[in-house]
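Dear colleague,

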Amino acid sequence: MDVSLTLWVLTIVGLSALIAVDFFIGRKPHDVSIKEAGIWTVVWIVLAALFGLGLLIWGGGQAGGEFFAGFITEKSLSVDNLFVFVLIMAKFAVPSQYQQRVLLVGVLIALVLRAIFIAAGAAILASFSWVFYLFGAFLIWTAWKLIQEARTDEEDEEYEENKLLKAAERRFGVADRYHGTKLWIEQNGKRVMTPMLVVMLAIGTTDVLFALDSIPAIFGLTQDPYIVFTANAFALMGLRQLYFLIGGLLKKLVHLSYGLSIILGFIGVKLVLHALHESGVHVPEISIPVSLGVICAVLIVTTITSLRASRKQAEAEAAAGRGEDPVKNNIDV
């Protein structure tokens with residue numbers, strides 16, 4: 001797409017306005033209900049769909065298809081982030097009424113950092129086409145790593161702070177308790193961070209680690225920086241509400257890692273094929289409609305098999321609790 005500077009500015013202003021509305025509505029600390037989270041999740045998805053339809057009408061089928069493929073991919077990868085967000089909230093013992101504020105600011109930090117990643121990625125790809133090989137190989141390796149981690153059946157029970165966060169804590173110091181939504185306080189004559197600021201930074205910087213695979217993944221679907229940025233923005237901005245909506249269901253998505261590994265591996269292969277094609281090798285390229293179909297199919301199958309496996313596991317545990325034989329009761333464990 002030929003995106004003018006004016007359109008870029010209008011898009012950023014529009015997204016900023018949406019974020020401001022979201023912040024204004026949730027400015028008062030409170031426990032987010034399932035109803036509130038559900039309504040806002042639908043709102044963000046509808047806004048993303050309308051934006052995609054706008055691209056489809058004014059940018060053509062290619063642009064619209066790339067946006068929807070990118071948005072769905074980023075949204076599905078962002079669900080994996082929620083597992084870590086739950087651990088972070090537990091690690092810092094964030095009061096429930098402050099969690100929505102933490103996520104809002106944390107996601108904003110992540111969005112700014114991702115914008116920098118996207119700009120750098122677009123510049124590199126424009127200058128060095130061989131980087132597609134690196135992105136493709138990295139995604140295939142990441143897919144294999146996800147499968148290996150899923151097969152170990154080990155769950156991370158505690159969040160470990162990254163080096164950047166630890167350095168900030170040593171440099172500025174951290175208060176011993178939360179002080180409402182304040183980020184800085186005076187303590188013993190010294191200005192120190194509150195746990196609220198620390199956990200916001202934890203959310204934002206941790207998301208950057210997830211961007212290391214999600215950014216190459218979306219560049220495997222489109223090389224248009226405008227589409228990459230907007231797909232990331234819409235996927236991230238609804239993440240806060242999604243956290244409260246499906247937080248209790250995360251443990252039931254037992255096959256999510258397998259589904260994400262298939263998607264990342266598929267996009268990795270797509271990138272390698274594209275790189276070979278750009279190098280003059282006659283190989284088939286995977287179209288956007290095929291990519292969109294594969295991504296959606298994998299997510300649907302993964303969700304269905306996850307819920308079935310979780311239900312059978314729950315039935316087996318219930319039968320064991322009653323002293324029944326799960327095999328005798330035809331419960332697959």
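Are helix 4 and helix 8 roughly parallel or roughly antiparallel to each other? This is a predicted model, in which local features need pLDDT of at least 70 and side-chain atom pairs count only at pLDDT 80 or more, while totals for chains, interfaces and linings use all residues. Residues are numbered from 1 along each chain as its sequence is written, and side-chain values use heavy atoms, with hydrogens and water left out.

Helix 4 (residues 99-127) packs with helix 8 (residues 225-237) at an angle of about 160°, their axes being 10 Å apart. Helices are DSSP runs of H or I with at least four residues, and strands are runs of E with at least two, numbered from the N terminus. The axes are lines fitted to C-alpha atoms over the stretch in contact, with angles from 0 to 180 degrees between N-to-C directions. Helix 4 and helix 8 are therefore roughly antiparallel (over 145 degrees; under 35 would be roughly parallel, 65 to 115 roughly perpendicular and the rest oblique).

The contact (heavy atoms within 4.5 Å) includes Arg 114 and Ile 118 of helix 4 and Phe 229 and Asn 232 of helix 8.

Strand 1 (residues 184-187) and strand 2 (residues 190-193) pair in the antiparallel sense over 4 bridges; pairing requires at least two DSSP bridges. Glu 186 has Arg 191 in strand 2 as its bridge partner. In this hairpin, with 2 residues between the strands, Asn 188 takes a positive phi near 55°.

Yours sincerely
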